[in-house]
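The sequence and the structure are shown first.

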Amino acid sequence: MSEKGRNRLLALLSIAHSFNHSLFLIAPPLLLIIMNDLKTSQFALGIVGTASSFIYGIGSLVGGPLSDKINEVKIVTICLALAGASTLILVFANNVLIYGFALILMATWASLYHPTANSLISKVFHGHMAEAMGFHGVGGTLGVMFTPIAAFVLGITFGWQFSFLFFGGLSVVVSLFFFRSKFKQEKVKSQSSIRGVFKTPGLWKLFVFNIVLGLYMKGLELFLPAYLALKPFQVLDKGSAEFWAAVSATLVLASGVPGQWLGGKSADAFGSKKVLVATSVGVLAGLIFLQFTPFWFIGVPVFIVLYGLSFYGHQPALNSLAGIMTPEDRRGMVYGMLFFTSFGLGSISSSITGYLMEHSIDLSFYVLTVFAVGALLLSLIIPDIRENNES
């Protein structure tokens with residue numbers, strides 16, 4: 001593939017990455033509105049969040065091996081189109097069961113994206129894999145950072161269902177660009193097997209690290225806006241508190257833009273392990289500032305910067321390290337397993353956090369902080385392996 005073709009592919013994948021994530025960032029800023037409209041509880045919505053996230057994760061175990069055997073571009077096209085089309089069901093959602101069914105169906109199709117895209121990038125971009133992973137993340141995050149505030153504004157103006165329909169429609173439109181594309185790939189004969197994957201030295205450490213990372217990430221992703229509205233911003237009136245909570249969630253994503261870029265560049269320059277340790281420290285420090293700083297106008301901004309830079313900065317480092325450690329014919333399966341460990345197994349955090357939020361808002365985030373401590377300790381045992389910089 002020519003340099004121009006690679007750049008065009010990376011740009012289009014970045015846009016697809018944005019809308020794939022956007023579908024799961026619509027609910028958090030509208031959580032209280034959805035709860036009231038469907039006459040349900042935070043715990044019930046947490047269960048839905050856990051189920052859809054688990055499907056989003058476990059589906060990657062299918063998408064990964066498919067990307068080793070089939071044209072990746074075709075898989076990306078299908079998952080974008082059908083995940084976006086699934087949001088139409090929410091037009092009929094008048095109870096939590098229909099809402100849950102729609103989100104699970106949406107997650108089923110969306111789950112095919114990440115292992116497919118990461119596998120494709122790892123095979124196309126040699127010598128600067130982490131940087132390419134970083135740009136893929138930057139492009140996605142640039143779009144995703146606007147989702148919480150856009151979803152909130154659209155939701156209170158036209159109804160929360162319209163927010164899902166808007167982003168679902170954009171996902172379908174992007175799928176048409178892939179459908180019309182002429183990207184060519186050299187296929188490698190797949191030897192994927194679970195047994196073969198676990199024979200890769202040190203790879204199990206990445207899986208365990210990713211599980212614990214998912215345990216704090218999924219709880220924060222769903223309940224951060226609600227936590228901010230009910231705790232730091234409780235001094236504001238209800239409407240203002242929810243609005244600034246949505247803005248803060250957007251600013252976390254904005255901090256993730258330079259985080260993705262810096263994480264990718266740093267991983268290529270200094271090695272992925274150093275980046276993973278540093279970003280784990282940043283996540284933990286951000287959570288401590290958020291909960292234990294007495295002044296919200298200090299604690300919240302510091303959390304936004306530290307967590308945004310650190311959480312999103314770890315992604316290109318982790319994905320490139322997995323690619324370096326794994327033969328090409330197994331990368332789709334490995335990326336699928338990695339995605340499952342964080343989004344699938346880690347999805348139980350949504351239920352845990354939702355349950356604890358109904359009993360103690362403070363305790364729910366203390367538990368997430370304990371998970372962040374665990375991720376930091378695990379980052380210290382991750383192998384220190386670097387990519388051969390020859391293209």
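Trp296 counts as partly exposed, because its relative accessibility is 36%, a value between the 20% limit for buried residues and the 50% limit for exposed ones. The model discussed here is predicted. Trp296 is placed in helix α15.

## The nonpolar surface patch

Trp296 also belongs to a nonpolar patch on the surface, formed together with Val235, Leu236, Phe243, Trp244, Phe295, Phe297 and Ile298. The accessible area of these residues together is about 770 Å².

Two helices, α13 (238–270) and α15 (296–325), each supply at least two residues of the patch. The largest share, three residues, comes from α15.

## Aromatic pairs

A pair of aromatic rings is described by the distance of the centres and the angle of the planes. Across the whole structure, a search finds 19 aromatic pairs. In one of them, the ring centres of Trp160 and Phe164 are 6.1 Å apart and the planes stand at 85°, so this pair is edge-to-face. Both residues lie in helix α10 (residues 160–179), where they are four residues apart, about one turn of the helix. Trp160 is buried, with a relative accessible area of 3%, and Phe164 is buried as well, at 0%.

Trp296 and Phe297 form an edge-to-face aromatic pair too, with 6.0 Å from centre to centre and 80° between the planes. Both of these residues are members of the nonpolar patch.

## A cluster of rings

Ring pairs also join Tyr216, Phe303, Tyr307, Phe311 and Tyr312 into a cluster.

Definitions and conventions:
Residues numbered from 1 in each chain as written. Predicted model: local features only at pLDDT ≥ 70, side-chain atom pairs only at ≥ 80, totals over all residues. Heavy atoms only, no water. Patch = residues over 30% accessible without salt bridge, like charges linked within 9 Å, V, L, I, M, F, W, Y side chains within 5 Å. Areas by Shrake-Rupley, 256 points an atom, 1.4 Å probe, with all protein chains shown as cover. Salt bridge = Lys/Arg side-chain N within 4 Å of Asp/Glu carboxyl O. Phe/Tyr/Trp six-rings, centres within 6.5 Å; stacked < 30°, edge-to-face > 60°. Buried < 20%, exposed > 50% of the residue type's maximum accessible area, 1.4 Å probe, protein only.
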